[in-house]
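Open the model in your viewer and keep the selection tool at hand. The stops below tell you what to select next and what is there.

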Amino acid sequence: MPLPSAPKPAPQPLADSPLPSAPKPNLATTQSAHDTMNGLTHGNLHAGSGNYGISSPGSAGPLQAGTQILSDTQGVDFSAYMRRLHDDIQRNWNPLIPEEVQAPLRKKGIVGIRFTILPDGKIGAMTLEFKSGDVALDRAAWSAITSEGNFPPLPKEFHGPLLELRCGFYYNTPIDQ
C-alpha cells in the first residue's frame, strides 16, 4: 500500500529577502486566474509618492497597481470585499512608506506580492513576486499586508478554499494599466 504524499510547502519569500515568513495555511494555493472583479481602481498616496488601488482584470499576467483577484470567484461579487481590503492595506501602507520616497530623493520602485486569504480572513501563504531593489520599499509593502493580521472573512456565498490575490505597490512610478 503506497504512503500518502506529504502536502506541498507554502510559498516563502525569496531566499535573499529580509522579509518575515507569512503564516502557513493548511490548504494548497490555486494557480488559476479566472473570474475577476471589474471596474475598481483607486488611489494616489502622498501626492504621487506611492500608488495602490484595486485593479482589474486579474490575471497571472503583468503586475498592476492595486489588488488583483487570481482565484476563480465562482460568480461571487467581491467588489465590497475588495474595497474594504483596499482601505485596510492602504491605511497600513501610508505610515510605512519610507522617507526616501518623499522629496527631495523621490525613490522609485515597484513591489509585487502574491498572497492568499483563508475563508475566516486569515492570511495564508505569501510570496514576494517582484522586488523593488530596495529592502525598505519591499518591507513597507509586505508589512502593509501582514500588519493587518486578519482580514474580514470571505463572503459567505464563496465556497472556495481560499482567495488568491496579487498586490502591486508603486512608488513614484507611473502606472501602466
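Select Arg-91, which is partly exposed, with a relative accessible area of 45%. Here buried means under 20% relative accessible area, exposed over 50% and partly exposed in between, with a 1.4 Å probe and protein chains only. This is a predicted model, in which local features need pLDDT of at least 70 and side-chain atom pairs count only at pLDDT 80 or more, while totals for chains, interfaces and linings use all residues. Residues are numbered from 1 along each chain as its sequence is written, and side-chain values use heavy atoms, leaving out hydrogens and water.

Arg-91 forms a salt bridge with Asp-88, and their closest N and O atoms are 3.1 Å apart. A salt bridge is a side-chain nitrogen of Lys or Arg within 4 Å of a carboxyl oxygen of Asp or Glu. Both residues lie in helix α1 (residues 79-93), three residues apart, about one turn of the helix. Helices (H or I, at least four residues) and strands (E, at least two) are DSSP runs, numbered from the N terminus. Asp-88 counts as buried, at 3% relative accessibility.

Next, select Asp-134, in the loop between β5 (123-130) and α2 (135-146). Is Asp-134 buried or exposed? At 12% relative accessibility, Asp-134 is buried. Its side chain reaches the backbone nitrogen of Ala-136 at 2.8 Å. Show Lys-107 as well: the side chains of Lys-107 and Asp-134 meet in a salt bridge (3.1 Å, N to O). Lys-107 lies in the loop between α1 and β4 (109-117) and Asp-134 in the loop between β5 and α2, so the pair ties together parts that are 27 residues apart in sequence. Lys-107 is partly exposed, with a relative accessible area of 33%.

Move on to Arg-114 and Glu-164. Their salt bridge has its closest N and O atoms 2.7 Å apart. This pair links distant parts of the chain, with Arg-114 in strand β4 and Glu-164 in strand β6, 50 residues apart. Both are buried.

Stay on strand β6 (residues 163-171) and select Phe-169. Phe-169 is buried, with a relative accessible area of 0%. Its C-alpha atom is separated by 9.1 Å from that of Thr-67, 102 residues away along the chain.

Finally, show the whole chain. From the N terminus on, its elements run β-β-β-α-β-β-α-β. Of its 177 residues, 49% count as buried.

Technical notes. Polar contact = N/O pair within 3.5 Å; in protein donor to acceptor, adjacent residues only side chain to side chain.
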